[in-house]
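Dear colleague,

Please find below the structure that I am handing over to you.

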Amino acid sequence: MASDIQHCVRTVRLKVKGEGYAWLNAAAIEVNQVWNYANATSYKAARPFAGKGKWLSAFDLDKLTAGATDYFDRIGSDTIQRVNAEFATRRKQFKKAKLRWRVSRGARRSLGWVPFKAAQLKRKGRSLRFSGKAFRVFERELLEGSKWKSGCFAQDAVGDWWLCLPMQQEELPSVAPKEAVGIDLGLKDIAATSDGDKLHAGHFYRGIERKIAMAQRRGHKRQAKRLHRTAARRRKDALHQFSRKIVNDYQIIKIGDVSSLKLAKTRMAKSVLDAGWGMLKAQLQYKGQQAGRSVSIVSERDSTRACSNCKALTGPTGLDMLVVRIWVCSACGVTHDRDVNSARNHLSAGRSPPSMSGNESSFSVAQPSQTYSLCEAGTSALKAAA
């Protein structure tokens, strides 16, 4: 039983109380200076005036910034090293010789960010101590008896500061009470399952769009930012509740591969971004990985047109027919709900015989490392069924 325990890292996000904001704002300016120095130095090394260029690593930047703490009042060498490590990671990720500058002042200033190593943040009574400064946070009882890793202080668009602490926790995979489910993503309903359950569109942004516009016309920028944050929180809460219910109830989860990035370039952009499809997919994947579920993404091609009963392509097609939500199959006479039928097609695509031996579906507890590998198997199964 002990070997079945999986270790996962979860980030606890706690709001910092207001008396520490001024110190963090000043520390964020010093962090920006370190980042910009690393950005300029790395670019000069990668694109020299003469000779062969060199991509500086985090270790190289640490040597170049040695002794820089004498010129800063708030951050220390550990924070400077964390900034260099983050810069080197992001430059390698985006494959660019120069990243964006971090702006400290003005209308286009960067949101505050102060990273630290785990040993820098220590408990002291009812507060936390970092770099000689004591901070108080809300819900500090969540930190009792916990050991954290390297984290950061991060600022949101409203100006509030948050303490982000990654913590390692133990998860015991369990077998879900139900076997499998298919999920279709849409706009009228954010998600519909093959069993008929639906997550209705909450219009999280559209519902307060008028209030945001009025605040912006009056020049109340802070109020507009708070309204934007309210919409984002409502969206995240609804998606968290739905994804948790799906992960708790089903062992195998199949979800369509609709692309929100592509549809965001159309006239449906506001509704697409308000639905949060990408956020829902990410939540299902990491929650399913922690719980030992099999989560895969399958192709949505012809899933709306095909009858889930006889597989005949008799359903409505085209943009003009999106208004048709219920239709009757002319081949077998079965009445379908458009979204539920599509979700059932996703589920049947995942259950069809695989195109390669050894990819057979298993209804036992899936290990977290197998969660993403099943995506290609599901896609191959759909092509074979077509």
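The notes below concern the strands and how they pair.

This is a predicted model, in which local features need pLDDT of at least 70, side-chain atom pairs count only at pLDDT 80 or more, and totals for chains, interfaces and linings use all residues. Residues are numbered from 1 along each chain as its sequence is written, and side-chain values use heavy atoms, with hydrogens and water left out.

Strands here are DSSP runs of E with at least two residues, numbered from the N terminus; two of them pair if DSSP finds at least two bridges between them.

An open sheet is formed by 3 strands in the order β3-β4-β5, with antiparallel pairing. Because β3 (121-124) and β5 (133-135) stand at the edges with a single partner strand each, one side of each has no neighbour in the sheet. From one strand to the next, the twist averages 35 degrees, the angle being taken between N-to-C directions, on a scale from 0 to 180 degrees, of axes fitted to C-alpha atoms. Between β3 and β4 (residues 127-130) there are 4 bridges, and R123 lies opposite L128 in β4.

Strand β7 (residues 161-171) has 8 of its 11 residues buried, so the rest of the structure largely encloses it; buried means under 20% relative accessible area with a 1.4 Å probe, protein chains only. Strand β1 (residues 6-15) runs antiparallel to β7 and is joined to it by 10 bridges, with V9 opposite Q168. Strand β6 (residues 151-155) is also antiparallel to β7, through 4 bridges, and A154 faces W162. β6 and β7 form a hairpin with 5 residues between them, and G159 in the turn has a positive phi of about 115 degrees.

Yours sincerely

Conventions:
Buried < 20%, exposed > 50% of the residue type's maximum accessible area, 1.4 Å probe, protein only.
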